[in-house]
Amino acid sequence: MIAKSLHRILFISMIVIGVIWLAVPFIMAILWSLVDPAEPWTVDRVTPPVMSFYRWTYMWESSNLKYALFNSYLLAPTVSIVTLIFSISTAYVFGRYNFVGKEIAKLLCLLPLVTPYFVLSIFLTATIISFGLSEYRVAAIVLAHAVMFLPYAIRIMTVGFEQVSQEHIDAARDLSATTFSRWRVAYLPALRPAFFASMLIVFIQSIEEFAVAFILGSPTFITIPTLLFSTMGQDFVRPNAAVLSLILVVPNIVLMLFLEKLLRTANPAMISGKGLK
Amino acid sequence: MSILKIKNLFKSYGKIEVLKNFSLDIDSTEFVSLLGPSGCGKTTVLKIISGFISPDKGTVFIEDIDVSNTPPEKRNTAMCFQSYALFPHLTAEDNIKFGLYEKKISKNKSKDLFEEAIEHLSLSQELGKYPNELSGGQQQRVALGRALVTRPKIILFDEPLSNLDAILRGTVRNEIKRIQSEFKLTAIYVTHDQSEALSISDRVVLMKEGEINQIDTPEKIYDNPISYFSASFVGISNIHHFKNSKKLENNFIEVDTNVGKLKLLYKNNLTDKNIYVSWRPENAEVGEQRENTLFGRIKSIAFQGAFTEMEVEIKNIKIKIITQKRGFKINEEIKFGIKPENLLFLEKS
Amino acid sequence: MFAKYLFIILCLIPGLGIILALIGFVTYIVIMQSIGLNNLFGEDEFTIKYWDKLFARKSYKRSVQYSLYIGTFSTIFSILIAYPIALWLRKPFRGSLLISSILKAPLLVHGLVAAFLFLNVIEYHGLVNQLLQYLNFTDQPIRMRNDRNAFGVLFLQTWKNMPFALLLLAGALQSISDDTLDAARDLGASLYRRFIDIIIPLTISAMTAAAIIIFIGAFADFTFQKLAGPRNTFSLSQLMVEYRGRSKWNEAATVGVTLIVLSFFGAVLVAFIINKLFKYPGWFSPVKMKNIQSIITGQK
């Protein structure tokens, strides 16, 4: 359809744009994170005059970074597991039963996706306060995250359940398997990739989530995104923000690439394209 | 009057030569089948005629106009795809009318063409349905209607029946033939199923490895295959090597084969190319004495209702015979005769 | 039968049930607090004074307009850029996977990080200004951050959302079989007609899903606005957070209700517009359906 030379021009310009819009900002961030306070990086220099890991050790030792890392990486797995547990029975009936109102029910499960997160977080806070449950704000964050990411978990687990072959279940039954054995031999193998995909996606979303963590968590419960946000506010120290940005981004990229590999081997229809409508 | 003239087509993909010097002339209102095994190039020919593929060499003339460089949307051909390729977001009615709109046919003419197509294909009940609501046979009829409603000069079929079950295949096949003759269309039909090709074509073009192996009417291709390939691909044949040919009087030739001596009727002189003798299983006259009489032992019996197919061993060679007689048993001895005019010489490939 | 439905309902409770309960409850609280009920502090009193005050405020109207502006244009830009790229990448060619990965990379990058990187680059003393001064395009650095037209916010929204639209659109486009397009061509459709009559209608659901999610996200944005947006206007979310920061829960609730209602209607409007424009025969298609239909029904 497109002439070969036009093709080549587009290809090269895409690579160039890609480099500019990805590589440059990241290199900038890396450079900024390596700026040594001995000499500031001023406008006239292309690279920082003195580079060291000072900022990294500083952030690690004296800021709330350790605390934020701990919170984020404790919150996320908890949310993953809770969300998975909530999603299983719903996904089971979506995947293996037909009933009146199924399509509407499936649509309603997408409700969190169209709810503005800040409205949710602010008024969930209001609810907690009004019930006198302010000490349980972390539990509230877990609950909020679970609800926000349930659509993903339900969607993925539903596809997982749909993939369980009825013939496997029947064969197991035919060979006198108990309910538990049936689950182990017919359901579990098909569901395993869905379990992992679901937990991974919810994990990544929870680590990155800002609105709920910010509104419900501040000022006592700090996560990496809220810490980053605060360093970009009034006390904007660019190198500190650079360090935090990289800490937020790099593990996520690794996790997402891992997720893509996992999904490619499992079932590509599970998340993109067919997923959201 | 030739409506389609294809001259010297060559097409290769990398090192693989898909078409080798393919030439063909087709007359108006003719129904021609391109028959051959997978990979023989028949679909490539179809795609070159419709304009989706350009040949490396060669020309295509439609009604004496060189269309070799004309894009598909400007050629007056229409294709029925193997997958039907109905537009999923359009109803059957919109699918059929699509070509009328795209070719900007006038409103009144469109109306007439559309109604005629609907009537001939009995599609009035299906008009408002979407493709995923239609059965395989209905989808095929919609695809057919969509292709013929614009009255293309040539209508092309790419294995249209392969997705249908056996019973439906027969019905739809007959429908295609009926529509073609009622609308006086020129049709080119690609298939690997020889019974399909034989049943509806005016001429069959048998292809092998990018070349034409034999072109003839269905009867002639069946009764007079010229090569090992055509004898074995179209119908079943028993084929034997022979040696020591001896010319006898009255145009008889006697040859030595692995099942014994056989006498054939052959006016011409044998050449180096003739190296096989073949005959059709149904030409074995069981229990009869003929100029060629063979004795063997029955190895397997398959009763097919209208006839019985048997595998018979003669001198350790297995041959097939078909007979309407019954009452045979395995390992029984059997005698049958073949008339000399039912034996043929074949060329190598 | 009854037992089956009871079982199904029980199974739906932990998943769908919790979703409906939480979101339903929060929505209830928002609505109630906007009319003076269910107050956290002080007496409950049904009143519409908070709404009156809100509508009278110029800053509120400006916020509504501003948020709609951001939501609409982020959606339009994201989809307008993603669509041709998705078309180009439809059939794999050498390097298409690489390009696809580069373009989808922003999906991996957190919004805050994106904001940081972006600000870094356009900062008063940042790279772009350095470059412009070096090339002698300007004498003085240009203030690009927190600009009045919110180009920074729009750029960030597009940077973040275009890959998502690309993901959905690419999936839909790749599921259009070559046979379908060949059939259209065979029936006389030009490139333009194939695009308008076949390709676009078959991507409507992907476009709608992408548009709705991008719109709601951009409309209700807080972070990009706070970091890179114009100083003199608040987005609706920002306004709501402000009120809450000052413990003005009722006022925050009114803005919250605004967000919910406008998100919902915005989504419906987006879906409606896309369908009207592109469903076959679309706005851009010269196909005239009705005439032929009426002629045929007349015959029957």
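Two residues are in contact if their C-beta atoms, placed from the backbone, lie within 7 Å. Keep that in mind for the exercises below. This is a predicted model, in which local features need pLDDT of at least 70, side-chain atom pairs count only at pLDDT 80 or more, and totals for chains, interfaces and linings use all residues. Residues are numbered from 1 along each chain as its sequence is written, while chains are lettered from A and ligands numbered from 1 in the order in which they are written.

**Exercise 1.** Describe the side of chain C that touches chain A.

*Solution.* Start with the count: 60 residues of chain C are in contact with 60 residues of chain A. Next, look for the main contributor on chain C. Helix α1 (residues 2-34) of chain C gives the largest share, 17 residues. Helices (H or I, at least four residues) and strands (E, at least two) are DSSP runs, numbered from the N terminus. Finally, sort by class: this side of chain C has 46 nonpolar, 13 polar and one charged residues. Here Ala, Val, Leu, Ile, Met, Phe, Trp, Tyr, Cys and Pro count as nonpolar, Asp, Glu, Lys and Arg as charged, and the others, Gly among them, as polar.

**Exercise 2.** Now do likewise for the side of chain B that touches chain C.

*Solution.* The contact involves 22 residues of chain B and 20 residues of chain C. On chain B, the elements giving two or more residues are β6 (77-80), α2 (92-102) and α3 (107-121). Of these, α2(B) gives the most, with five residues. By class, this side of chain B divides into ten nonpolar, five polar and seven charged residues.

**Exercise 3.** Summarise chain B as a whole.

*Solution.* Count the elements to find eight helices and 20 strands. Then take the extent: the C-alpha trace of chain B spans about 70 × 45 × 35 Å along its principal axes. Last, of the 349 residues of chain B, 42% count as buried (20 or more other C-beta atoms within 10 Å of a residue's own, with C-beta atoms placed from the backbone).

Terms used: A residue is buried if 20 or more other C-beta atoms lie within 10 Å of its own, exposed if 12 or fewer, and partly exposed in between; C-beta atoms are placed from the backbone.
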